[in-house]
Amino acid sequence: MRCHVVTGKGGTGKTTVAAALALSLAADGGHVLLVETEGRQGIAQLFDTPPLPYEERRVAVARGGGEVKALAIDVEAAFLEYLDMFYNLKRAGRALRKMGAIDFATAIAPGLRDVLLTGKIKEAVTRRENGRPVYDAVVVDAPPTGRITRFLNVTNEVSGLARSGPIRAQSDGVMAVFRSPQTAVHVVTLLEDMPVQETADAIAELTAARLPVGSVIVNMATEPLLPASSIARTAEGRLTGADLQPALTAAQLAGIDGLADGLVAEAVEHARRWISQDALRGDVEALGRPLVELPLSSSPIDLGCLFELADRLDGHLRTEVAA
Amino acid sequence: MTAAQPPRRPTPAPPLDLAALVSDRETRIIVCCGSGGVGKTTTSAALALAAAEAGREVVVLTIDPARRLAQSLGLVELDNEPRLVETPGAPGELHAMMLDMKRTFDDVVAAHSTPERAQVIFDNPFYQALSSSFAGTQEYMAMEKLGQLRASDRWDLVIVDTPPSRSALDFLDAPNRMSRFLDGTMIRLLTAPARAGGRAGVRFVGAGFLLFSRIISKILGGQLLNDISAFVSALDTMFGGFRERANATYELLRQPGTSFVVVAAPEPDALREASYFVDRLSTEGMPLAGLVLNRTHPPATTALSATRAEGAAEAVAEAGGPGSKLAAGALRVHAERMTVATREQRLADRFTSAHPEVPVRTVPAAAGDVHDLDGLRVMGEALLAEEGDTGTGTPRSRVLPIRPQAG
């Protein structure tokens, strides 16, 4: 499998997951391209590098000589590249850019924008040098779940506007890659109602569009801090300050004003949140996709964190391949 | 030797008085904006409910709300027309609607042309693409709908939940972009040959443009230019209208009576986006009410720091005895809460350092999703209640209390 598309509801951390997945695929000497499609420069922020130009740049080195390159696709630049590649129109393209014509063309045909983005992804996935693929894997930080099917299903999107001609042929070629077994669309979710709902919706839409759904990645999963035997009782509100008092007295904390009640209130909230998360875990399992959980990081995400997450994904990918 | 300067601390932002804002009869429009996934829709609905309970006739325009929120408002079929939400006991009225951008576009076309011409436009493939997926159509149509709602005078308060754009700024730019597009040189040029009757038009538009139109034909297929041309001539009389209405709505947003509420979550990305928005509003001279910092995690007590709570948890667990595991767990829960709250407070302080004039109201995360009127009421209380009126002594504009100045 060479093309990993990562989507998820806004706020679920899909950029972080995409970056960690790229690192894990680069372990043991892999060459991986991490692609940004939304012009947010989120990858540059994660890897703490200056904003990425429209150019494949190395952002991280993985163990065993592996490397992750990153590319932020610029739609205008991709259009110029496209004109140059297919029509030998590089200079004309620049003139068009000045006229604002490219902006216009991608605006009148919204599908055209996606064709350019996905066309570039397809090019990277299928690029070969000396008979070998240049990249072992391409990871796409894709648009959110609400737009993902439309983004990948380009032929359908341009069909009203371009019924024939090169754009149509181009988008058919893109679809062939996305629908092939070398592609998997992974959905990132949190154990919260709306992300889980959107994950289910996205999987249904992708399936209907005959696009290959990969794993569901539960991000920011937490462990319960209370003993398992006390969670239900606590969530029901049957924990009182008096239950904690002896232990607080022993720790010489009994004198702090309002402490026991505060701790109880927080414990109850924690237990309730845990129970509702666990119920959602069942809903996620019911989606029937391979599942992996990534832990919530208590500190801001840095490269070290990304490597930790990558290790988790590495284990998951191995079991996936073995299965 | 000069005296040591006391360390500079972020000054607390002025309180955000949303209770006064929603009950003030002079407030006619509230626009909630912010990046995706921060709870804009819920905030809009909670403010709308609070306004109805303050006796206002309010309509909330939401963009693609969570299904369960729509359902809980009693609106299984939330659609492009405002519908009354049952709010027992409220002196005012709450209406809710969900923007359907294609329907709104169709309605505008139908309202400004004859039925025959409208049909020609509806059948045009270019129109179909434009009305359903043009980047910016949703933002533009949200503005169009806002203009209609405000003009009808049926409601004395309109609350708008802005579309989940890639950037929160798209909402402000949309009217301009759309009218620039429909009224723009490029579209005129593209259709100029048809309008001017062939050759005369060609002479007018010049060589650069011919190249462009050749490329467009080549790439997208020749029929696209024909479709655009047919569309433009069918819609010709409406162009001015689009621009005028978009400008009028834009101007409306700058009038007294409009307030923007920026919504963010205590995450770096969301606050960065909020920061851009605040700067942009001030550049455009648009009235900002303040920032709602949603989904914060204030601890129930701040008497024990994270470090001390961790230490105590260890001590309690080591000492053992009945209830020690539970107590140690509770202390760890507290340590985590303090860590999270400290980080959230630091992010909020950074925002305030950059925008000291912007009032902030923090809103604690609900234990689950808000999906009924009761949940909205709870959120409304957190949004509207008085600054100092909390059980924990932490003012509502903060996640943690202000520490006393050292020395």
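Biologist: Where is A:Asn130 found in chain A?
Modeller: In this predicted model, A:Asn130 is found in the loop between β5 (128-129) and β6 of chain A.

Biologist: And is A:Asn130 buried or exposed?
Modeller: A:Asn130 is exposed, since its relative accessible area is 80%, and although A:Asn130 is not a glycine, its phi is positive, at about 50°.

Biologist: What about A:Met220, what is its phi?
Modeller: The phi of A:Met220 is near 55°, which is again a positive value in a residue other than glycine. The place of A:Met220 is in strand β9 of chain A, and with a relative accessible area of 34% the residue is partly exposed.

Biologist: Let's turn to domains. Which ones does the assignment give for chain A?
Modeller: The domain assignment gives domain 1 of chain A, made of 3-222 + 296-322, and domain 2 of chain A, made of 223-285. The centres of domain 1 of chain A and domain 2 of chain A, taken over C-alpha atoms, are separated by 42 Å. As for the contact, eight residues come from domain 1 of chain A and eight residues from domain 2 of chain A.

Biologist: How much area do domain 1 of chain A and domain 2 of chain A bury between them?
Modeller: About 700 Å² is buried between domain 1 of chain A and domain 2 of chain A, with 65% of it on carbon and sulfur atoms. On the side of domain 1 of chain A, the residues A:Leu191, A:Val196 and A:Thr222 supply 79% of the area buried against domain 2 of chain A, more than any other three residues.

Biologist: How many salt bridges are there between domain 1 of chain A and domain 2 of chain A?
Modeller: The count between domain 1 of chain A and domain 2 of chain A is zero salt bridges, while the count of residue pairs in polar contact, both at pLDDT 80 or more, is one.

Biologist: Which elements give two or more residues to the side of domain 1 of chain A that touches domain 2 of chain A?
Modeller: Those elements are α10 (193-208) and β9 (213-221) of chain A. The largest share of that side of domain 1 of chain A, three residues, comes from β9(A).

Biologist: New topic: where is A:Asp136, and what does it touch?
Modeller: A:Asp136 has its place in the loop between β6 (132-133) and β7 (137-141) of chain A. Not counting residues up to four places away in sequence, A:Asp136 touches A:Met1, A:Arg2, A:Gly29, A:Gly30 and A:His31. For A:His31, the side chain of A:Asp136 reaches the backbone nitrogen at 2.7 Å.

Biologist: How far apart are the C-alpha atoms of A:Asp136 and A:Cys3?
Modeller: They are separated by 9.0 Å, although A:Asp136 and A:Cys3 are 133 residues apart along the chain. A:Cys3 itself counts as buried, at 0% relative accessibility, and A:Cys305 counts as buried too, at 12% relative accessibility.

Biologist: How many disulfides are there over all chains?
Modeller: The count over all chains comes to zero disulfides.

Biologist: Which residues is A:Thr145 in contact with?
Modeller: Leaving aside neighbours within four places in sequence, A:Thr145 is in contact with A:Thr7, A:Gly8, A:Lys9, A:Val187, A:Glu198 and A:Ala202. A:Thr145 is found in helix α7 (residues 145-152) of chain A and counts as buried, at 3% relative accessibility.

Biologist: Over to chain B, what does its secondary structure come to?
Modeller: Chain B comes to 17 helices and eight strands, and buried residues make up 52% of its 407 residues. Among contacts in chain B between residues at least 6 apart in sequence, 76% join residues at least 24 apart.

Biologist: Where is the place of B:Pro14, and what is it in contact with?
Modeller: B:Pro14 has its place in the segment before α1 (18-23) of chain B. Leaving aside neighbours within four places in sequence, B:Pro14 is in contact with B:Pro356, B:Glu357, B:Val358, B:Pro359 and B:Val360. B:Pro14 counts as partly exposed, at 34% relative accessibility.

Methods. Residues are numbered from 1 along each chain as its sequence is written. Chains are lettered from A and ligands numbered from 1 in the order in which they are written. This is a predicted model: local features need pLDDT of at least 70, side-chain atom pairs count only at pLDDT 80 or more; totals for chains, interfaces and linings use all residues. Side-chain values use heavy atoms; hydrogens and water are left out. A disulfide is a pair of cysteine sulfur atoms within 2.5 Å. Buried means under 20% relative accessible area, exposed over 50%, partly exposed in between (1.4 Å probe, protein chains only). Domain bounds come from an automatic or database domain assignment. Contact means heavy atoms within 4.5 Å. Buried area is the accessible area (1.4 Å probe) that two parts lose on being put together, summed over both. A salt bridge is a side-chain nitrogen of Lys or Arg within 4 Å of a carboxyl oxygen of Asp or Glu. A polar contact is a pair of N or O atoms within 3.5 Å; within protein, one must be able to donate a hydrogen and the other to accept it, and residues adjacent in sequence count only if both atoms are side-chain atoms. Helices (H or I, at least four residues) and strands (E, at least two) are DSSP runs, numbered from the N terminus.
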